[in-house]
Amino acid sequence: CVLEGIKDGKRVKKYIYNVCDHQECFKETKAQAVSYTTGVPAMIGAKLILEGKWLKSGVNNIEEFDPDPFMKELNTQGLPFEVIDL
């Protein structure tokens, strides 16, 4: 995912990515990597709602919530990510 925006008054562009190794995923879960990369983020979202970290009234898009707890959980739940400054 390429993100562009303003940080501290300066224009920034970053590339955030994750690589999920299919063979390692299958060895651990007996499932394809695509099911892991679909299921784990959904579980993290549910976890953050249950913990009250992502709680707003009404219907909300994921982009409306603080990304930091979600990104932190990705690292602890087997989907670490990298960030590259472009």
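In this predicted model, helix H2 (residues 33-50) and helix H3 (residues 67-76) have axes that come within 10 Å and cross at roughly 130°. Angles that are not roughly parallel, roughly antiparallel or roughly perpendicular count as oblique, and H2 and H3 are therefore oblique to each other. The crossing of the two helices, H2 and H3, is right-handed. On the H2 side, the contact is made by Pro41, Ile44, Gly45, Lys47 and Leu48; on the H3 side, Pro69, Phe70, Glu73 and Leu74 take part. Sorted by class, the residues in the contact of H2 with H3 are six nonpolar, one polar and two charged.

Glu73 belongs to helix H3 and is one of the residues that make the contact with H2. The relative accessible area of Glu73 is 13%. Buried means under 20%, so Glu73, at 13%, is buried. When neighbours within four places in sequence are left aside, Glu73 is in contact with Ile44 and Lys47. Both Ile44 and Lys47 are listed on the H2 side of the helix contact.

Helix H2 also holds Gly39. With a relative accessible area of 35%, Gly39 is partly exposed, a class that lies between buried, under 20%, and exposed, over 50%. Gly39 and Lys10 are 29 residues apart along the chain, and a distance of 36 Å separates their C-alpha atoms.

The strands of the model form an open sheet. Three strands make up this sheet, in the order S1-S2-S3, and their pairing is antiparallel. S1 and strand S3 (82-85) are the edge strands, each of them pairing on one side only. On average, and with direction ignored, neighbouring strands of the sheet are turned by 35° against each other.

Within this sheet, S1 and S2 pair in the antiparallel sense over six bridges. Among the residues concerned, Glu4 has Lys13 in S2 as its bridge partner, and Leu3 stands opposite Lys14 in S2. S1 has six residues, and the count of buried residues among them is zero, so that the strand is hardly covered, buried being under 20% relative accessible area.

The two strands S1 and S2 form a hairpin with two residues between them. Asp8 lies in the loop that joins strand S1 (2-7) to strand S2 (10-17). The phi of Asp8 in this turn is positive, at about 55°. Most residues other than glycine have a negative phi. Asp8 is a residue other than glycine with a positive value. The relative accessible area of Asp8 is 74%, and the residue is therefore exposed.

A positive phi is also found for Lys30, near 60°, again in a residue other than glycine. Lys30 is placed in the loop between helix H1 (22-29) and H2. Its relative accessible area is 60%, and Lys30 is therefore exposed, the cut-off for this class being over 50%.

Technical notes: Residues are numbered from 1 along each chain as its sequence is written. This is a predicted model: local features need pLDDT of at least 70, side-chain atom pairs count only at pLDDT 80 or more; totals for chains, interfaces and linings use all residues. Side-chain values use heavy atoms; hydrogens and water are left out. Axes are lines fitted to C-alpha atoms, for helices over the stretch in contact, and angles run from 0 to 180 degrees between N-to-C directions. Helices (H or I, at least four residues) and strands (E, at least two) are DSSP runs, numbered from the N terminus. Angles under 35 degrees count as roughly parallel, over 145 as roughly antiparallel, 65 to 115 as roughly perpendicular and the rest as oblique. A crossing is left-handed if the near helix is turned anticlockwise from the far one by less than a right angle, and right-handed if clockwise. Contact means heavy atoms within 4.5 Å. Ala, Val, Leu, Ile, Met, Phe, Trp, Tyr, Cys and Pro count as nonpolar, Asp, Glu, Lys and Arg as charged, and the others, Gly among them, as polar. Buried means under 20% relative accessible area, exposed over 50%, partly exposed in between (1.4 Å probe, protein chains only). Two strands pair if DSSP finds at least two bridges between them.
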